[in-house]
Every structure is written in structure tokens, then in C-alpha cells.
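Hello,

Here is the structure I promised to pass on. Please open it and keep it beside you while you read my notes.

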Amino acid sequence: MNFINTLSDKKIILDRFLSYVKICTTSNSENADKGIQPSTTQQFDLANILVAELKTLGAIDVQITEHCYVYAKIPATKGFENIPPFALLAHLDTSEEVSGKNIKPILTETNGDTIITSDGTTLLGADDKAGITAIMSTLEYLYNHKEINHGVIEICFSPDEETGHGMDNVPLHLITSKRAYTVDGGDLGELETECFNAYKTEVHFEGVSCHTGTAKGKMISAIRMASHFITNLPTNELPETTEGYQGFYAPLNMTCSIENAKIIMILRDFTTDGIENKKSIIEKLAKETAELFNGKFNVYHELQYLNMKDELSKYPEIVNDLIKAYELSQIKPKFIPIRGGTDGSRLTEIGIPTPNIFTGGHDFHSKTEWCSLNQLSKAVDVLINLALVISKS
């Protein structure tokens, strides 16, 4: 099997990436939690551009759903129509944690690589426009190199992955593939087959308000309850104190008054027992806090996604084919856990096993986010070789 090398197409890859990151597609978790999808209409701006590009690259059945999912199908090479199809996925939106407006990419040449950053006032948007770039560049390469045989390739670009709602309205009625691959990872060689079990948790405290001048023996402060609760979370199990396979409790937002306080947080753990234990600890701490201040409390847990490890292990050929594609691209796979989740987590859960591929993006969700052009082009190599491997398996 021949090794496919796309290094000569680096400028094409770079130009495509720069054009995508300049389009603001920040999502909105508050809207997404209310069932609004897409959570921001600006995600349609990139979706429409991708639809136009897909049509020029020979895709068929190209469409945007009402919820802003882009779907397309790349026909099989003649004679390879019976090869089982596979799907490639990436997400349209960028994180709301840092501004994604007016992104001004800066290129720095160093050690034979091109490093792309923002100007330091916004994120870059490599998460996941690097993934979209890798997929679209792969399709362009296959379109221009008809000698490369492959089966049907399905494409799905999703909205609102960053809000945890990326698969809420995924058009499963369109997707026929029994395997998929998200292109939403980081460093060169990362091949991710496991992720957190994830819950969104709300903790509510109810106090009693009265005039501050006559509050003695009457006032019960929900603000103090919330502060006590946050302060007493395990300090060695917070995002800023954990790594690798360690889970965490992460308070994200808190709104308070004397009478009512609401804390929004996420719970993460790689094991089922671990995540259930974290839920129990939250409930116990909330109860103890309310009793200490003579207030009231409620705790609400909402499942976001599950660790895909066990389900993926049932289909070893899906990962093994990807390993072969890495090796053909002269890349040694690095198996690391995703300290987060991808749309593939949810897809795997609902029956389409979906490991995750690196993009060359780094420091996601921050003003220091950056992307390596060399690594991004290597992701393209992997996707092209993956099509080859699957066509011969």
C-alpha cells in the first residue's frame, strides 16, 4: 500500500484554514441548553460556505438541515461501490469562553514549521476549524487524484459541539455509515478512544431574606451557602489540579441573591463508579451546607456523554484501520484519554463507533491557542490513507 504525502499542498491547507478561522461561529450554551439549535445563527455562515465548496469537490446529497448540520456524500471510486462507507465529522462552532470575533491570524515560521496564532485578543478557532480544514483538504486531494481508490465517504459538520449539544439533532436518517471518525484532537499522533463520563450539575440553595438592620436570627443567606459549598469542594479534584486519568469537579457559573443561589458545574470521571461517587459527594456536600445554615437545597444532574472506551473495544477493526493509516503516514499513534468529549462520544453511545484524530491544534479555548501547519497537513495524510486502508480491508 502506497504512502500518501500531501506536503506539497501545505499552502492550500493553510489558505483554507485561514479563511475558516476568520468566520465567527461562537456558540451559546445558554441558548443550547434551552433547546435552541443552532445556538447562534452565525454558525450558518460557515455552513453555507462549506456547502458551496463541497459541491465543487464532487460531493452529492449536499445539504444543510434546519439545525445547521452540513451533510454530504463523496461517491465511491468506480468499482469500489460495495466498500462499506465511513463518515468524517468535525464541528462548526467555537468556544464562548474566549471571544471568536475579528480573529486576526498571525503566522510565525520556526524550525521548518508554520505556527498559526491569533493576535492574542481572541481564540484562534483551531478547535475545530483545523478539523474541518483537514477533512475538506482531504476531499480536494481525492477529487484531484482520481487514481486513489476509496468507498463512499460521508461528511457531517455539526453545530454546538462546544455546548455539549452537538449530536442533539444529528441527521441519523441520512448517515448510513456504521463507523465514523471525528477530526477534533490536538497534538501530532494523538489517537483517542476513551473520554470522560460527563454530567452537568446544578446546585440550588434557598435562603430567607429580610431587612439587614433586623436580620439577626432571621436572615439565611443563600450567598453564604453557595460560597461555603464552592470552598469545600475537594481542592485536589478541580480542573486546575488534575491531569491524565484524574476526574474533577468544575464550577462554571454562579448567580446569587440572599434568597436564591444557583451554581452550574460539570462533573468528569473516566469510570462509572468514579462519576457516581462524584455525584454522591456533591449531594452530600449540598445537604451538609444547607443544614449548616438552616437553608434548603436541591441538586439536579444531567447526563452529557459517556466514556466511549467500552463500546469502541467491541469493534477493534475500526481503530486498527486507523492505526494502519497513521503508520502509512509515518506517524506513531499516541493513545491518550480525551480530557473532555467529542461528538464521537455521543455517536459511539448511539451506535456508530467513532474514535478521534489529531488536528495539530493546541491550547484550545484560550487566547494562546495555536496550530501547527505541519501537524495539520499530517492529519490530511492520515485521512487519505484511512480511505485507502478501508478500501482494501
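**Histidine 362**

Histidine 362 counts as buried, because its relative accessibility is 13% and the cut-off for buried is under 20%. Bear in mind that this is a predicted model.

Where does histidine 362 sit? Its place is in strand 14, residues 361-362. A polar atom of the histidine 362 side chain lies 3.4 Å from the backbone oxygen of glycine 360. Not counting residues up to four places away in sequence, histidine 362 touches Asp187, Glu369, Trp370 and Gln375.

**The cores**

In soluble globular proteins, nonpolar side chains tend to be buried together. The largest nonpolar core here has 63 residues. Phe17, Leu54, Ile132, Ile135, Met136, Phe157 and Tyr181 touch the most other members. Which helix gives the most to this core? Helix 10 (residues 373-392) does, with 11 residues. Another core lies apart from it, with 20 residues, among them Tyr199, Val203, Leu238 and Ala261.

Leaving aside neighbours within four places in sequence, its contacts include Phe86, Leu89, Ile318, Asp321, Pro355 and Leu386.

**The second largest pocket**

This pocket holds about 220 Å³ of space. Its lining divides into 3 nonpolar, 5 polar and 4 charged residues. Among the lining residues are Asn197, Phe270, Thr272 and Leu306. Helix 7 (309-312) and helix 9 (343-349) each supply at least two residues of the lining.

Best wishes

Definitions and conventions: Residues are numbered from 1 along each chain as its sequence is written. This is a predicted model: local features need pLDDT of at least 70, side-chain atom pairs count only at pLDDT 80 or more; totals for chains, interfaces and linings use all residues. Side-chain values use heavy atoms; hydrogens and water are left out. Helices (H or I, at least four residues) and strands (E, at least two) are DSSP runs, numbered from the N terminus. Buried means under 20% relative accessible area, exposed over 50%, partly exposed in between (1.4 Å probe, protein chains only). A polar contact is a pair of N or O atoms within 3.5 Å; within protein, one must be able to donate a hydrogen and the other to accept it, and residues adjacent in sequence count only if both atoms are side-chain atoms. Contact means heavy atoms within 4.5 Å. On a 1 Å grid over the protein atoms alone, a cavity is a set of points where a 1.4 Å probe fits but cannot get out, and a pocket is an open set with protein on both sides within 12 Å along at least five of seven lines; lining residues have an atom within 4 Å of a point. Grid points are joined across faces, edges and corners, and a volume is the space filled by probe spheres set on the points. Ala, Val, Leu, Ile, Met, Phe, Trp, Tyr, Cys and Pro count as nonpolar, Asp, Glu, Lys and Arg as charged, and the others, Gly among them, as polar. A nonpolar core is a set of buried Ala, Val, Leu, Ile, Met, Phe, Trp, Tyr and Cys residues joined through side-chain atoms within 4.5 Å.
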